[in-house]
Amino acid sequence: MQQWIVEVAYEGRGKAKMVKETVYMPTESDVRESFSKKGAHVLTIRPHARTPLERLLARSSWWQVQLLRGIMFRSTSTSPGVALWKIIEAEDNPTRQNILAPAREALARGLGVIDALKALNIFDRSTIAILAASERANKLQEGIPYAIHSITQKRKNAGAVMGTMAWLAFDVITIVQSLVWGKGTVLKWFADNAPKEGEEVAKYERVVGNLSLTWDVLIWIAYGIAAFMAWCVFSFFMNRGKRDWPTAKIVRKIPLISGYLRDLSFADSMTAAVRMLRSNVSISDTLRQSGEASNSPDVAAYWEGANNELSRGVNLGRALDRAPLTRAERLELATLSDLSQVATIMESIAEMRAQAAKTKHKLIVWLAFLFTGLYLTIAFGSAIYALTVMNMSMDSMMGGLMEGQM
């Protein structure tokens, strides 16, 4: 499904009336067919592209929470679809109207509230899975608090990571600025005060060359890390809700970070599965929906494989007992004796994965501090090394002066 901006001409008594309309349909041919049935002539069709401000607001967890709360409060006296429609109709901010336009089109075409929320393309997979499970059990109003909790928890996790990285980046940027600003001054001083003759000249030039090379390497390493981090943050922000894209593939190849992201995805999908099971969703639909809720391809493959095994008649415990679950998680599944225990065991696994993610997060933080400390040690060590070179130059100069006086 895609939102389209269409310029059409309607025939009138005098001259044709040209208007610009927004529609939400799968393909461009569907758009043309729809307007031709109305007797209109399509002039131009282009996909709707959000402005940077719209994308920033749409990705805001604060705005997502406010939208869900609005649906929850209004659905006490009406259906969730009507509640969302009233929110859209009551919105008078042009920017938010553009963001909500796909949901308006979806509801106008008779689609449900979950399809309308999917059309907005602002919620991640696990949030949509929780809402879809609640809506399927006719308990969307009860499921929205779970979705809000999931959004706020992810915001806290992201805030902790971003705060840590910002502090470390500040330390590195401070040192890099000192190196960049001081490099020219220090090296110029060395050039002006180099020994004029003797064996110390070659040694002096070699030491100064090594110092310049060390500072260049440190500066470019810092530039490269900063560019990579900025690219990753921007890419993850712009591709929120997608399962896979080039930046995510690169990040998942980093050993510790890949495990951290997999644990978070498992915790989210297991929590969504628990919510679906306790809302009386069938086990096959739960497994399928959990796979769709997973941002990690490994976790999605786990749920899809379990669902395929279950459809072939394999016992549920055996279908769920598969990689990449840990030994402790498999022991939990080994105690499964009937379907009523599935939600409890999945909830336990979700808690273990969440705890594992917290542990990995702490380890990532400490390793980041360690690498930053190593970087600072090399930077300060090179500065001390520069002082040694200065002393070498000064000793040589003083020695020359003493010889001249004698």
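This is a predicted model: local features need pLDDT of at least 70, side-chain atom pairs count only at pLDDT 80 or more; totals for chains, interfaces and linings use all residues.
Colleague: Why is the contact between D321 and R330 called a salt bridge?

Modeller: A salt bridge is a side-chain nitrogen of Lys or Arg within 4 Å of a carboxyl oxygen of Asp or Glu. Residues are numbered from 1 along each chain as its sequence is written, and side-chain values use heavy atoms, with hydrogens and water left out.

Colleague: What makes D321 and R330 partly exposed?

Modeller: Buried means under 20% relative accessible area, exposed over 50%, and partly exposed in between (1.4 Å probe, protein chains only). D321 has 33% and R330 has 31%, so both count as partly exposed.

Colleague: Which salt bridge links distant parts of the chain?

Modeller: That is the pair K360 and D263, whose side chains meet at 2.8 Å, N to O. K360 is in helix α16 and D263 in helix α11 (residues 255-278), 97 residues apart. Helices (H or I, at least four residues) are DSSP runs, numbered from the N terminus.

Colleague: Is D263 buried or exposed, and how do you know?

Modeller: D263 has a relative accessible area of 3%, so it is buried. K360, at 24%, counts as partly exposed. Both residues belong to a network of salt bridges that also includes E329 and R353.

Colleague: Why is α4 called oblique to α6?

Modeller: Helix α4 (residues 80-90) and helix α6 (residues 113-120) pack at an angle of about 40°, with their axes 8 Å apart. Axes are lines fitted to C-alpha atoms, for helices over the stretch in contact, and angles run from 0 to 180 degrees between N-to-C directions. Angles under 35 degrees count as roughly parallel, over 145 as roughly antiparallel, 65 to 115 as roughly perpendicular and the rest as oblique. The angle therefore makes α4 oblique to α6.

Colleague: Which residues make that contact?

Modeller: P80, G81 and L84 of α4 meet V113, A116 and L117 of α6, where contact means heavy atoms within 4.5 Å.

Colleague: Why is α6 described as largely enclosed by the rest of the structure?

Modeller: Of the 8 residues of α6, 6 are buried, so the helix is largely enclosed. The buried residues are V113, I114, A116, L117, A119 and L120.

Conventions: Helices (H or I, at least four residues) and strands (E, at least two) are DSSP runs, numbered from the N terminus.
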